[in-house]
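I opened a new notebook for this structure. The entries below follow the order in which I looked things up.

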Amino acid sequence: MVLSADVRVKYLSALREKTEANQVFQKLHYRGSTASHKVCSIDLDYLIYNRHNGRLEAEMLTWEQERHISPDDYDDALHEVIDDLLWRSATPRNKQTLDDLREKGQQRPGIVSLDGVIIDGNRRAMLLRRLEKATQVKQYFDAIILPDAYADNQSEIVRLETQYQMGEDAKVDYGPLQKYLHVRRLNVDLNIPLEQIDKLMNEKSGNAKRLIGTMALMDDYLEHIGCPKLYTMLKDADGTKEGMFVDLYSDLNRLSGGSAKVPWAFDPEVDTIQLRLIQFDYIRLGEFADAKKVYREISHQSLGKNFFSNKDIWEKFRDGHEQSVDPVTTTMGSLDDFVSENPDQFETRVDAARARDKKWAEAVRAPMKQTFGQAHYKLGLATEKLKPSEYLKRALDLLQEIDLDGSTLTAASENLELAMEINRLSYAIKKKFERAPVPA
Amino acid sequence: MDVSLGYDPSEEMLLIGGAAENAARHPLFAAYLRQHAGRHDPDGLVRVPTPPEALTARYQAVEKILQRIGARLQTTGHVSDALENVRLEEGRFAAFSKKAYDIWHTDIETEEFREFIDAVERVCGGRRFYAKQLLSAFHLAFAQNACNFSVPGAGKTSIVYAAYAYLHQLPDDDPKHVDRLLVVGPLSSFKAWEDEFEAVFEMPPRSRRISGRMPLRERVDHLRGITPGSREIELTLTSYQTLSNSEDDFRIFLQRGGKRTMMVLDEAHNIKGADGVQAASALRLAPLAASRVILTGTPAPNGYEDLSNLFKFIYPSRNLVGFPLSTLRAMSENSLPAAIPELKVRIQPFFTRIRKADLNLPPSSERRIEVDLENAQQQIYSSLERRIVPQLEVELQEQPGAVRVRARLMRLRQACVNPELLLKPLEAEGIFEAEDGDFTLSELDVADAIRSFRATTDLARLRVCKDLAGQIVHTEGKVLIWSYFLGNLELLRRELTGAAEFVEVLTGATPVAGSDGEEDWE
């Protein structure tokens with residue numbers, strides 16, 4: 001059972017005061033200075049997990065959003081949820097560490113706040129808990145106890161947490177989403193300036209700005225798909241949709257900052273919102289982010305080799321998307337509606353959201369592929385300058401692909417118009433030859 | 001789907017009603033609302049925080065988005081004055097742009113134009129304007145905000161006065177009426193503005209020059225309307241430097257007392273620098289002027305990027321140019337040729353340009369007079385030529401080859417125009433630092449000949465030049481002589497003083513005035 005904060009503080013304060021024979025000390029940089037801190041053996045019952053732990057922050061935020069839980073609440077249920085998430089976040093690795101703990105005991109001490117929040121060592125504490133259950137032998141978590149309760153000095157503790165999780169001391173590869181969520185927490189929730197965050201994370205200047213900008217895009221994407229704050233919706237089978245967001249952030253940044261060389265006078269507000277939304281839809285569909293990263297043709301490829309840089313191509317692409325995809329998105333209904341229409345079918349709102357996304361994808365997949373394909377083809381023509389003979393050969397090859405005996409050719413009246421247009425053009429070409437001077 | 005728009009100035013909120021809920025389901029409108037922290041309220045309205053200065057941009061974007069999603073913007077119902085002004089302005093601007101284009105690019109012969117001509121001829125009795133000038137002035141008076149990129153000599157000052165005269169004579173309650181002129185330009189332009197005023201209106205201007213020369217207290221008192229009579233000043237002249245130094249006082253000047261000001265930036269290429277301090281001041285003050293004018297014969301000396309600030313000045317709330325600086329630079333470097341036609345179409349309605357061909361200037365005639373070198377100079381020149389020319393190719397390969405070759409060629413040129421110049425170091429001419437690329441006189445085998453050369457007696461071309469100048473002065477003509485070398489200008493000054501009533505030398509080192517950090521260089 002999770003003990004109250006008062007009880008935890010009392011226990012840990014007493015432990016902090018007590019000095020054992022053969023006391024172990026460990027150096028720690030905290031509140032701006034490095035000092036030796038006692039390592040104490042702590043009863044696991046007096047500890048709670050850090051809900052902002054890098055490995056599970058996206059899941060936690062989603063969980064809170066799904067259940068409308070305040071970020072300050074911590075109870076037995078949440079304790080178990082985090083325990084389970086920590087276990088499932090890296091099951092094979094956890095099994096191996098569990099064996100190590102059983103055999104060698106805890107090798108490296110963790111860090112806990114005075115009110116028992118585990119700052120460093122959540123995974124190890126979870127495994128010790130499991131070991132205790134399995135062996136029925138009392139286990140203790142070796143850790144430095146900070147002089148501050150988490151809530152009383154959150155900003156300093158989070159700085160420490162950042163160094164451990166993301167700075168040069170980073171020990172575990174956290175999920176790709178974590179850095180975005182963490183920077184937002186530091187900057188937006190705790191008002192830590194971006195330049196300081198770069199230092200804490202041991203990153204070059206400008207990194208935190210990029211992360212927070214990308215995070216804002218991810219948040220806007222979740223709003224766009226009707227799943228605000230359901231961060232696990234940013235994950236897909238390949239990991240996350242991170243790459244597409246990173247590219248989009250860089251594109252929008254270049255466009256709004258005026259460094260993108262786009263040869264038409266786009267509306268810096270409305271056109272960039274449209275670009276963002278169309279890219280969101282491709283992220284949502286999730287089928288253009290393969291190894292070839294073909295989605296980059298929309299706005300990311302350099303030297304004008306993208307749809308947005310070619311006004312005619314972009315406008316047709318945008319209009320096609322508006323006509324075929326936006327009506328589906330508009331009439332999709334909210335996630336709440338979807339859950340109500342499908343009662344008791346989904347265990348969580350995220351499951352329902354995924355099912356709703358699949359339904360959306362079914363409706364838009366074909367038109368999106370078609371619109372993209374047409375723009376891709378036109379981009380090729382616009383950016384690849386060939387000799388006339390090459391164009392003629394390609395046109396002939398394509399025309400020869402048409403099944404002249406089939407009924408589909410004559411079924412669509414627009415095909416006749418296209419044929420007449422081709423006829424007019426080939427007649428004009430023929431005339432050019434007739435009027436051209438005869439080569440000597 | 002009809003959507004209505006309103007504005008609550010006390011809350012600074014754009015109010016979107018009617019089918020706002022429906023419209024907000026559309027992804028594009030929803031994203032726009034998210035971007036600007038729009039919120040749905042229980043009364044069915046969508047409220048978007050909108051400070052007054054952002055109202056035009058919001059209106060433009062919302063109108064565009066509603067059009068894209070197939071919703072109609074309802075214009076009836078209760079709208080605030082501020083929003084109504086924006087709405088009317090937007091409607092007017094589209095029609096206005098087309099008309100402004102037509103005025104300059106098509107032969108118009110409208111009643112309005114004839115009225116304009118009548119008014120100008122009535123008020124500006126001292127000048128007869130030629131057709132293109134009248135058209136350009138009409139364009140400016142119609143648009144109130146415009147650029148004039150005419151070549152020097154086209155009469156840009158007169159054109160501004162003609163447009164000003166028309167707008168000034170309109171009734172006080174006419175929204176286009178202006179009361180006075182604020183001209184920002186180089187110090188050297190002040191006199192021309194005052195003289196031209198007198199010439200056009202046949203009366204001396206009530207004018208005041210506000211420059212660094214004026215004591216600060218006096219400057220502040222004039223701009224703030226404290227000095228007696230300052231409110232009656234019709235023509236205020238200032239420099240870019242002073243405008244920037246006293247920006248706050250000029251802000252008060254432009255805002256005070258219900259006076260509507262036509263603000264003119266003369267030689268406006270001074271604000272072409274995208275991030276210049278003077279440009280920033282002019283751009284910040286622009287929205288306070290009732291009418292804004294850009295005058296320059298060289299609108300884009302470096303490239304298309306120079307246009308950005310000029311058009312930003314005449315329409316501060318609109319993106320007329322439509323391209324960011326980096327794109328404009330790329331156009332200048334010819335790496336984005338596809339964008340140039342669109343840029344031209346976008347700015348065409350907002351400028352006029354009288355070209356040299358429009359001025360009906362008499363044809364110029366050029367007569368070349370060949371003057372042979374006389375003995376002493378021929379000896380000096382030939383000696384230097386023999387020494388320098390065969391070595392040029394070899395010297396170009398050495399370090400610092402280019403400087404050395406340049407210095408040598410400059411010396412050869414001096415030997416040709418006036419060997420006396422060879423006695424002074426090249427640096428004295430202020431052309432470039434020759435470092436060790438120059439030679440010393442003692443190295444030359446014609447050193448003695450150079451030392452004993454006297455331009456006043458041995459330089460044939462000086463005699464020819466003096467004769468020519470004398471003939472022209474004799475017939476009361478004016479003479480302008482260019483020379484590459486400062487030493488020659490000094491020589492000409494000495495030799496011509498006395499031959500004409502007024503002889504003056506103008507060089508890049510001639511300061512026109514200097515204080516308050518202001519310096520004008522002719």
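This is a predicted model: local features need pLDDT of at least 70, side-chain atom pairs count only at pLDDT 80 or more; totals for chains, interfaces and linings use all residues.

Residues are numbered from 1 along each chain as its sequence is written, and chains are lettered from A and ligands numbered from 1 in the order in which they are written.

Entry on chain A. I looked up the extent of the C-alpha trace and found about 105 × 50 × 40 Å along its principal axes. The chain is divided into domain 1 (5-152), domain 2 (231-385) and domain 3 (399-440); these bounds come from an automatic or database domain assignment. The centres of domain 2 and domain 3 of chain A, taken over C-alpha atoms, are 35 Å apart. I listed 18 helices and seven strands for chain A, where helices (H or I, at least four residues) and strands (E, at least two) are DSSP runs numbered from the N terminus.

Of the 440 residues of chain A, 35% count as buried. A residue is buried if 20 or more other C-beta atoms lie within 10 Å of its own, exposed if 12 or fewer, and partly exposed in between, with C-beta atoms placed from the backbone. Two residues are in contact if their C-beta atoms, placed from the backbone, lie within 7 Å. Among contacts in chain A with a separation of 6 or more, 71% are between residues 24 or more positions apart.

Entry on the two chains. I found 20 residues of chain A in contact with 23 residues of chain B. On the chain B side, helix 2 gives the most, with six residues.

Entry on phi. Most residues other than glycine have a negative phi. I looked up A:Lys229, whose phi is near 65°. A:Lys229 sits in the loop between helix 9 (207-224) and strand 6 (235-236) of chain A. Is A:Lys229 buried or partly exposed? A:Lys229 counts as partly exposed because it has 13 C-beta neighbours inside 10 Å.
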